[in-house]
Amino acid sequence: MRSPTSPRPRALAQSHKDTYSRARKNPFFDGLTDGPPPPFGFNASPGRNIARSVSDIGHRSQQEAVLDVFDQFGPNEKPFDRIWPKEKHSSFSIKKNPFEYSPKKNFEWPENGKAEAFEFTNVQTVFSFNLATEENDQQLESVSRNTSPTVEKTFRVNRRKENLSAVPLPQSAASFYNGNSPQFEIAESCPSIKRLNQFLKATKDEVNAGVPGRFLHAVIAQDVPDVGSIASTIMYAFYLNETHKTDHLCTVPVINMKRSDISSQAELKWLLDSCQIDQKSLIFVDEIDLSYYDIFGSLKLVLLNGYKLPAKQEALKDAVVEIFNCGKGDSVYPWVETVTVGEDSSCCTPIAEKFALLSPEILAGHGFSRILLAAILLDSTNLSSSSCSFKDIYMATMLIHGAGRFGCNGLYQLLRYKMYDVTGLKVADVLRKDFKKWTRVGNQDNTGSRLTVSHIGMSSIGTSIEEFLDHEDSTVREIKYFQQAEKLRLLMIVSGYYDLKKNFKREILVSAQSVELMRNLLSFFNSSASKLPLKAISKPGLPEQMQAFEIDKITSRKTIERLLEEFGGNSKG
């Protein structure tokens, strides 16, 4: 208890006004006392001055105000005896339905003083919180122009459409309190994703207009419909657009897959939705005629994740001006001057590094960092593959904000689960989910008028052949329809899964165009028994042109691909 003659706490406040001088002079420590970073900009100079935030500027005055309040009380009086429970102008309260927010009404305490349970009877689609009070508004007016602008956060409350309780997510604090699949989720606004969506929409409008008077600077990856290829295409095109802005180039990301195929890629669709990327503004390869721009000499291609274009786009090779993330020692096109050799397991690793070096603020966005992080985790097998580099781990750590409540392990497990989840998919979508096709040009036909062209396809699934055949009542008929639609003389469905004893199993289902072709294939497999030992699976109801087998040893899909290519080049049936 303070006596009347004892020094007042005002002297303590006065001592806080003295200038504090550090012994260590380091720009890193200077940054710790600065305010929040300004909005990201690619053209900002590295030596820019960052003004202190309002909270830092007003900190001393708030301390003095608090100490002055204590001077008003007597020696035997408790300060909290005079504090009113709630002021009318306060901007915070607890409400029975917290998400029924109206900007015209202030939050109020319940009259009985008891906090009631939260109810989710009526959830607003979008709402925003403005945390500034009247005093803060007056304080903002007195701050100089150098003060960083206030960023308003917007939150969207969504009722979860899917149940994630079946996903084997690792234990975390979020899952302990909320469960693996809470009924509601809150999505935070992401300024960097908003800027990315603006870029995608502008490029889509430009392409629809025909790109008049400009070169089409198209960024395209290999024709592999996975998260890494799509994410790297979008993000590297955005990076080039922001750093190489010229009037004669229109930089456009071209997704090297059909738009209809995205329905079979559950992990890709979930990722784009969770990152709030506008899928309507994306341009797929079946929505743009690149050969048209190539004929008129207005096409410039940036190739990702490889040293050569896919076979169906090989005619556009003269338009390649840059190759990004090719393998070391690959024989790239000799006329390409800009070549970046990849040393990491994911193409998104060097792309994230470029953003971090040029404008690190953009990586703070939840959705922006999630799409990069997801690609790195999948390409590096959750940072555990032999090709995983130190830079992969470093960038994944920097992008950990994108993992959200799942964490890095949980995000990886969720994406992997969706890759093999075929619930709700039709048979054709399951077969197209991971599908490869080879074209072979053979000898002339019996009339000698034209060359014969044969197509061989391979689909990979994550369930057993028996479970796949039981997917629908008409699975066998749907397989035949898919084979006819793709004009395949031979379709092989490769299954890889773990049984109840956690043993890995590899099975195949072969569908041939004719009985003669099936006999030739079985004869070829018998001659290659050392590479592919087969054991027939008895499955009643299969036609003669369709048979199922179990592979007795662990065999990679690459081995099966090579055997199919070898059979396609030698077969005559």
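The following exercises, with worked solutions, concern a predicted model of a single chain.

**Exercise 1. Overall composition**

State how many helices and strands the chain has, and what share of its residues count as buried.

*Solution.* Step one: the chain contains 19 helices and 15 strands. Step two: of its 573 residues, 39% count as buried. Step four: among contacts between residues at least 6 apart in sequence, 67% join residues at least 24 apart.

**Exercise 2. The pairing of α8 with α11**

Determine how α8 and α11 are oriented to each other, and which residues meet.

*Solution.* Step one: the axes of α8 (residues 227-243) and α11 (residues 348-358) come within 9 Å and cross at roughly 30 degrees. Step two: angles under 35 degrees count as roughly parallel, and α8 and α11 are therefore roughly parallel to each other. Step three: their crossing is left-handed. Step four: on the α8 side the contact involves G228, A231, S232, M235, Y236, F238, Y239 and T243, which meet C348, I351, K354, F355 and L358 of α11. Step five: by class, these residues divide into nine nonpolar, three polar and one charged.

**Exercise 3. The surroundings of α9**

Identify the buried residues of α9 and the helices against which they pack.

*Solution.* Step one: in α9 (residues 266-274), the buried residues are E267, L268, W270, L271 and L272. Step two: these buried residues pack against α8, α12 (366-379), α14 (407-420) and α15 (427-433). Step three: α9 is followed by Q276, whose phi is positive, near 60 degrees.

**Exercise 4. Two partners of α9**

Classify the orientation of α9 to α14 and of α9 to α12, and describe each contact.

*Solution.* Step one: α9 and α14 pack at an angle of about 135 degrees, with their axes 7 Å apart. α9 and α14 are therefore oblique to each other. Step two: A266, E267 and W270 of α9 make this contact with L411, L414, L415, K418 and M419 of α14. The contact residues of α9 and α14 comprise six nonpolar, no polar and two charged.

Step three: for α9 and α12, the axes come within 9 Å and cross at roughly 155 degrees. Angles over 145 degrees count as roughly antiparallel, and α9 and α12 are therefore roughly antiparallel to each other. Step four: W270, L271, L272 and S274 in α9 meet R370, I371 and A374 in α12. The residues of this contact divide into five nonpolar, one polar and one charged.

**Exercise 5. Positive phi in two loops**

Locate N305 and K502, give their phi values, and decide whether each is buried, partly exposed or exposed.

*Solution.* Step one: most residues other than glycine have a negative phi. Step two: N305 has a positive phi, near 60 degrees, and is not a glycine. N305 is placed in the loop between β7 (299-304) and β8 (320-326). Because its relative accessibility is 25%, N305 counts as partly exposed. Step three: K502, also not a glycine, has a positive phi of about 65 degrees. K502 lies in the loop between β12 (490-498) and β13 (504-512). Because its relative accessibility is 67%, K502 counts as exposed.

Terms used:
Residues numbered from 1 in each chain as written. Predicted model: local features only at pLDDT ≥ 70, side-chain atom pairs only at ≥ 80, totals over all residues. Heavy atoms only, no water. Helix = DSSP H or I, 4+ residues; strand = E, 2+ residues; numbered from the N terminus. Buried < 20%, exposed > 50% of the residue type's maximum accessible area, 1.4 Å probe, protein only. Contact = heavy atoms within 4.5 Å. Axes fitted to C-alpha atoms, helices over the stretch in contact; angles between N-to-C directions. Parallel < 35°, antiparallel > 145°, perpendicular 65-115°, else oblique. Left-handed = near helix turned anticlockwise from the far one by under 90°. Nonpolar A, V, L, I, M, F, W, Y, C, P; charged D, E, K, R; others polar.
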